[in-house]
Amino acid sequence: MTKTKNSDPKTFGDWAYLALQKHFQKTNKHESDVLKDKDPEALHQMRVGMRRLRTAVTGFAPALELPKAAQENKIAKVARRLGELRDLDVLQDALKNHYLPALPTQEQGTLKKVLSTLEKQRQKSLEQVQSTLKEQPYPKLKRAFKDWLEEPNYGELAEISIYEILPDLLLPSVSKFFLSPAWLVGVKLEAGEIEIPRGINSDSVVQLLNTHGDLVHDLRKQAKRVRYQMELFTDFYSSAYQDYLNDIKEIQRILGDIQDSFVLAGFLADALNSEITVQLPTLAAQLTEARYQAWQEWQRLQQRYLNPQVRKDFHLAVLQPVSTTVSDTSGGVEE
């Protein structure tokens, strides 16, 4: 179904168009700088743009009829390639600017050798990104989106009022997020009663994360998906909705800090072909402490969202969209 682009968006399809237009334009804006590799921020912003474009395509899917070249899986492949390079940039920055200056001289020498290895790995990843952006199917993906934005084609649900459909779009992902077993990691559960132990020591946190790290990491990924989807629709909700969204972002950040420390430790162990406690004991201790501090932050939010009333209020906030006017729509705050 085709229809005229609407300057006064009211329907699901109208807002779908605005979201795709915004994030596609953002992605294109940074492509040239990414190819030149002059500013890591350009890569970060293009990756964010691709992620949000992917979220818009999936979030508004019932309203859209996109060409095959512009499907979610095509976007995901490019986003993953950008993500691999961005992750190396983040890793390089953390090692070089955060950890290196605080290490003893001997450990600094060891870490500098690792940084040399990391730079070679980054160069290889950069070449893969440049190849991805220059060669098919990425140019075909861009052309498909440009063509669709010039002459959009919609599904039958596009004509439904945005207010009528929002809760049905958001609640499934919110419910899946809250049903993750990761919420119960480190929790005592007996006869339906939940108790979060206080004063847990660093060794116990290490053991918990070694045992349940995959669950915690999966919750982090779910938080990211819920966050991106909720950010598509901030224009339609009150401050209560924004408060819950802020909590989701905080959960993503905290669990991300934990995961990043594991990724960093794994990279160092592979690069050194040794346990980092042997060659980089100071850095290993810093990573353990960082995980412990992050876990203390996580327990505060864990306790909050294990409260049934808080979850109920979250769902009620999603059920109650409010009137809005056109604004800088469907984007939220950048990472």
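E250 comes out as partly exposed in this predicted model, with a relative accessible area of 25% (buried means under 20% relative accessible area, exposed over 50%, and partly exposed in between, using a 1.4 Å probe and protein chains only). The side chain of E250 forms a salt bridge with R253, and the closest N and O atoms of the two are 2.8 Å apart; a salt bridge here is a side-chain nitrogen of Lys or Arg within 4 Å of a carboxyl oxygen of Asp or Glu. E250 and R253 sit three residues apart in helix α8, so about one helical turn separates them. R253 is partly exposed too, at a relative accessible area of 35%. Salt bridges with shared partners tie E250, R253, D257 and E297 into one network.

A word on ground rules. Residues are numbered from 1 along each chain as its sequence is written, and side-chain values use heavy atoms, with hydrogens and water left out. As this is a predicted model, local features need pLDDT of at least 70 and side-chain atom pairs count only at pLDDT 80 or more, while totals for chains, interfaces and linings use all residues.

Back to the charged pairs. Side chains of opposite charge can pair when their charged atoms come close. The structure holds 13 salt bridges, and D247 with R304 is one of them, at 2.9 Å from N to O. This pair links distant parts of the chain, with D247 in helix α8 (residues 239-272) and R304 in helix α10 (residues 281-305), 57 residues apart. D247 is buried at 15% relative accessible area, whereas R304 is partly exposed at 35%. Another salt bridge joins the side chains of R81 and E84, at 3.2 Å from N to O. Both belong to helix α3 (residues 72-99), three residues apart, which puts about one helical turn between them. R81 is partly exposed at 27% relative accessibility, and E84 is partly exposed at 38%.

L111 counts as buried because its relative accessibility is 0%. Setting aside neighbours within four places in sequence, L111 is in contact (heavy atoms within 4.5 Å) with L95, L100, L103, L268, L280 and L283.

In sequence order the pattern reads α-α-α-α-α-α-β-β-α-α-α-α-α. The radius of gyration is 22 Å, close to the 20 Å that the globule rule gives for 335 residues, so the chain is as compact as a globular protein of that length. That radius is taken over C-alpha atoms, and the rule is 2.2 Å times the number of residues to the power 0.38. Along its principal axes, the C-alpha trace spans about 65 × 55 × 25 Å. Buried residues account for 47% of the 335 residues. Of the contacts between residues at least 6 apart in sequence, 81% join residues at least 24 apart.

Conventions
Helices (H or I, at least four residues) and strands (E, at least two) are DSSP runs, numbered from the N terminus.
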